[in-house]
Amino acid sequence: MIIIDGTGTVRFANHQVSLIFGYSREEIVGRPVGLLLPVVPEELLRDTPSAQARGCGIELSGRRKEGTEFPVEISLSPIGHEHGTLTVVAVRDVSRRKQVERELIGAREAADRARAVATEAREAADRANQGKSRFLSTASHDLRQPLQSLELLNASLRRMPASSSIADAVAQQGEAIATMARLLNALLDIGRLEAGAIRPEPAQFAVAEMFEELRRTFAASAVAKGLRLEVEAADECAYSDPSLVAQVLRNLVSNAVKYTQRGRVSLRCVASGDARLRLEVADTGIGIPAAQIQHIYDEFYQIDVPTSRSREGYGLGLSIVQRIVRLLDLSLEVRSELGQGSVFALWVPTGNGRAAPPHPQTGELRAAQPAAPARVLLVEDDKSVRDATRLLLSVEGYSVTAVATVDEAKRHVAEHGVDLLVTDYHLAGGETGTTVISSLRQSLGAGLKAILITGDTSKAVRELPCDRGMRIASKPVRADELLTLMRALLAQ
């Protein structure tokens, strides 16, 4: 504390002033207050008490004897005196407080910078994921289109008379196309899983219906290898994402058929006592060596496939399986014995109640073609796919009209009618195959039979409502699969 007069001269300084500023009291008293305060507030030099600040904190800089400056805060209290007005000045060293304030400001600024960096990183990640999603969406459609054309053109060539050498070349071409399709589908599936483009949509589903679909899918390939495909009856319900669970089981059954040379592949459902179902895929195949089990989920890893031998796949199926199992928060177990076979068990939550038996798909196994050529309307905006599909269907004996838009389809059916509609899902100008189907059914009735072909694997497509007269096929759809669907619908 110091006391100064109206001229700014120090009249008193206590001991603490000496400790703070480094001067002795004798060096301070009688000297101008500017010795201690380089910048003197105007109110300290006024001789009128009412003009002086009373008890308020004023932030200034103090100067020590050695010349260094430091932050201080002063409070003024004027007092009357016989020789004029004196002012009591309380001086506080606020160096530590200012340091803490700077540290807090620095910490706050650092936190703000960290938040800004995190926000920028999050926005960059969002942009990257959106870019991945756009790429995968484009790739899912645009990369499948040329494969679809190749598959259909190859199928048309297989159905045309040719010499044995040409037939062999066409057969090898077909195998190459099938390999490309499998690899593309697997890579796109992995890409969508890694990009977070797949969101689980859990629902209750009948295990029996899923098993029946798997039986229909793999029966032909199992018979071709001389294997028994055994599917046990199941009346349980499960609760998870049915399309993703089906994809896991498809990959497991596909592997079982691929790695089994003789014997059987079986599919069964076992209820446990902990509200879970055990969906088992078992085979009598080559088995997995114990040392290799930990590697079977690695990308491009295959058991006992030397580089000199032709591949049936690229070792991506189980990698996809593992990603889906993690996404659905399920568990997958594997037991295997070399030379004896393997058992993969997927544990899924039990649904509520029991499911009804699967509804038979009327006419699905009938292959008889109508006596008169069926009138088929093909709606496809991609010219190469449209021409390839038209060629295949013409070779098969159908009466085919191919158009590119909804309006063209409407004009055709108004003049000629149609027995079966085959349409792509994504069409030019934002039109969709579902729009084609609904528009033509308004004209021809709800009984119009239709096949919707799509390379889109999004939730919107998975949730498309299907009825007895409609089927959905995923690109690149195999020619035999497309023709089988057409015959089944026309036979209803």
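This is a predicted model: local features need pLDDT of at least 70, side-chain atom pairs count only at pLDDT 80 or more; totals for chains, interfaces and linings use all residues.
The protein is built from 13 helices and 17 strands. Of its 492 residues, 42% count as buried. Contacts along the chain can also be sorted by sequence separation: among those between residues at least 6 apart in sequence, 65% join residues at least 24 apart.

Rolling a probe the size of a water molecule over the atoms shows where empty space is left. In this model, one cavity of 30 Å³ or more is found, and the largest cavity has a volume of about 80 Å³. Its lining consists of 14 residues, and those nearest the centre are Leu378, Glu380, Val385, Thr389 and Ile453. Strand 15 gives the most, with three residues. Sorted by class, the lining of the largest cavity comprises eight nonpolar, three polar and three charged residues.

Two packed helices are described by the angle between their axes and the distance between the axes. For helix 4 and helix 13 (residues 479–491), the axes come within 9 Å and cross at roughly 80°. Helix 4 is therefore roughly perpendicular to helix 13, because angles of 65 to 115 degrees count as such. On the side of helix 4, the residues that meet the partner are Glu151, Leu152, Ala155 and Arg158, while helix 13 brings Ala479, Asp480 and Leu482. By class, this contact has four nonpolar and three charged residues, with no polar ones.

Leu19 belongs to helix 1 (residues 15–21). With a relative accessible area of 53%, Leu19 is exposed, because the cut-off for that class is over 50%. Although 45 residues separate Leu19 from Arg64 in sequence, their C-alpha atoms are 9.8 Å apart in space.

Gly67 sits in the loop between strand 3 (58–63) and strand 4 (69–81). Its relative accessible area of 42% makes Gly67 partly exposed. Between the C-alpha atoms of Gly67 and Leu36 there are 10.0 Å, with the two residues 31 apart along the chain.

Further along, Gln172 is part of helix 5 (residues 164–194). Gln172 counts as exposed, at 55% relative accessibility. Its C-alpha atom is separated by 9.9 Å from that of Asn154, a residue 18 positions away along the chain.

The last stop is Asp329, in the loop between helix 8 (317–328) and strand 11 (331–337). Asp329 is not a glycine, yet it has a positive phi of about 60°. Asp329 is also exposed, its relative accessible area being 69%.

Definitions and conventions
Residues are numbered from 1 along each chain as its sequence is written. Side-chain values use heavy atoms; hydrogens and water are left out. On a 1 Å grid over the protein atoms alone, a cavity is a set of points where a 1.4 Å probe fits but cannot get out, and a pocket is an open set with protein on both sides within 12 Å along at least five of seven lines; lining residues have an atom within 4 Å of a point. Grid points are joined across faces, edges and corners, and a volume is the space filled by probe spheres set on the points. Helices (H or I, at least four residues) and strands (E, at least two) are DSSP runs, numbered from the N terminus. Ala, Val, Leu, Ile, Met, Phe, Trp, Tyr, Cys and Pro count as nonpolar, Asp, Glu, Lys and Arg as charged, and the others, Gly among them, as polar. Buried means under 20% relative accessible area, exposed over 50%, partly exposed in between (1.4 Å probe, protein chains only). Axes are lines fitted to C-alpha atoms, for helices over the stretch in contact, and angles run from 0 to 180 degrees between N-to-C directions. Angles under 35 degrees count as roughly parallel, over 145 as roughly antiparallel, 65 to 115 as roughly perpendicular and the rest as oblique. Contact means heavy atoms within 4.5 Å.
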